[in-house]
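Thanks for coming. Please have the sequence and the structure in view.

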Amino acid sequence: MSAQNGYRYTTPRNAPGGVYDLSPKAVNSRQGEGQLRFGIGVVHGSTPGTNVTAPTATATADKFEGIVLSTHTHEMDMEGVLTIKDGKTVNVMRYGRAWVRTEKDAEIAYGEDVFLVTDGESAGCFTNTSSTATKIAVSGKFIGPSGIDGIAPVELFNAPAPAAGGAGA
């Protein structure tokens with residue numbers, strides 16, 4: 001018989017939506033619209049400043065809100081799938097360092113620019129300049145390579161998105 005013999009209140013390293021380190025960050029509470037997952041990028045929802053949603057092909061860089069952080073208020077279902085139900089409060093990191101989901105098969109390297117995928121099954125995931133996906137530029141850099149699990153560390157800057165590299169960049 002097995003038993004849980006350890007508890008902690010921190011998200012493990014290399015988990016989507018986990019905080020990377022203790023560097024300065026800004027985290028806002030927002031109400032989620034639609035299906036969200038930890039570690040994805042979100043944009044303004046139906047009421048900017050209140051709601052966030054996963055990006056669509058029409059998303060623009062000025063609507064980017066940040067990264068959905070992992071919290072202790074959501075549980076796995078009986079099949080082991082963690083979902084954030086529509087209308088639930090989520091923590092969104094505006095700037096700072098966190099672990100994010102990356103576009104499928106993306107090969108991310110340290111220091112590369114960050115882009116948010118806005119279309120297809122990878123919408124909400126992050127990628128680099130070599131991706132052919134529809135994407136928007138985000139003010140930040142990858143601060144480590146992506147792993148085989150499709151997760152990489154990102155630092156979002158407290159600055160507006162770069163002017164170059166808009167949708168489809």
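This is a predicted model: local features need pLDDT of at least 70, side-chain atom pairs count only at pLDDT 80 or more; totals for chains, interfaces and linings use all residues.

Across the protein, pLDDT averages 86, and 85% of the residues score at least 70.

Now the overall layout. The protein has nine strands and zero helices, so to read the elements from the N terminus on is to read β-β-β-β-β-β-β-β-β. Of the contacts with a separation of 6 or more, 59% are between residues 24 or more positions apart. The protein has 169 residues, and 41% of them are buried. Its accessible surface is about 9,300 Å², with 51% of that belonging to carbon and sulfur atoms.

Next, strand S4, residues 64–69. How many of the six residues of S4 are buried? The count is six of six. S4 pairs with strand S2, residues 41–44, in the antiparallel sense over three bridges. Within that pairing, valine 42 has glycine 66 in S4 as its bridge partner. S4 is also joined to S5 by three bridges, and these two run antiparallel as well. There, leucine 69 has asparagine 91 in S5 as its bridge partner.

That takes us to the largest nonpolar core, which has 19 residues. Which of them touch the most other members? They are Ile67, Leu116, Phe126, Phe142, Val154 and Leu156. The elements giving two or more residues to this core are strands S4, S5 (89–101), S6 (113–117), S8 (135–142) and S9 (151–156). Apart from this core lies another, of 10 residues, including Leu36, Val42, Ile84 and Val92.

Leaving out residues up to four places away in sequence, isoleucine 67 touches Gly39, Ile40, Asn91, Val92, Met93, Ala98, Val100, Phe126, Val154 and Leu156. Phe126, Val154 and Leu156 are also on the list of residues that touch the most other core members.

Is isoleucine 84 buried or exposed? Its relative accessible area is 4%, and the cut-off for buried is under 20%, so isoleucine 84 counts as buried. Isoleucine 84 and phenylalanine 38 are 46 residues apart in sequence, while their C-alpha atoms are 8.4 Å apart in space.

Serine 122 sits in the loop between S6 and strand S7, residues 126–127. Serine 122 counts as buried because its relative accessibility is 12%. Beyond four places in sequence, serine 122 touches Glu103, Lys104 and Val117.

Asparagine 128 lies in the loop between S7 and S8. With a relative accessible area of 2%, asparagine 128 is buried. What does the side chain of asparagine 128 reach at 3.0 Å? The backbone oxygen of glutamate 107. The side chain of asparagine 128 also makes a polar contact with the side chain of serine 130, at 2.8 Å. Not counting residues up to four places away, asparagine 128 touches Glu107, Ile108, Glu112, Asp113, Phe115, Lys135 and Phe142. Of these, Phe142 is one of the 19 residues in the largest nonpolar core.

That is the end of the tour.

Definitions and conventions:
Residues are numbered from 1 along each chain as its sequence is written. Side-chain values use heavy atoms; hydrogens and water are left out. A nonpolar core is a set of buried Ala, Val, Leu, Ile, Met, Phe, Trp, Tyr and Cys residues joined through side-chain atoms within 4.5 Å. Buried means under 20% relative accessible area, exposed over 50%, partly exposed in between (1.4 Å probe, protein chains only). Helices (H or I, at least four residues) and strands (E, at least two) are DSSP runs, numbered from the N terminus. Contact means heavy atoms within 4.5 Å. pLDDT is the predictor's confidence in each residue, from 0 to 100. Accessible areas come from the Shrake-Rupley method with a 1.4 Å probe; for residues, only the protein chains shown count as cover. Two strands pair if DSSP finds at least two bridges between them. A polar contact is a pair of N or O atoms within 3.5 Å; within protein, one must be able to donate a hydrogen and the other to accept it, and residues adjacent in sequence count only if both atoms are side-chain atoms.
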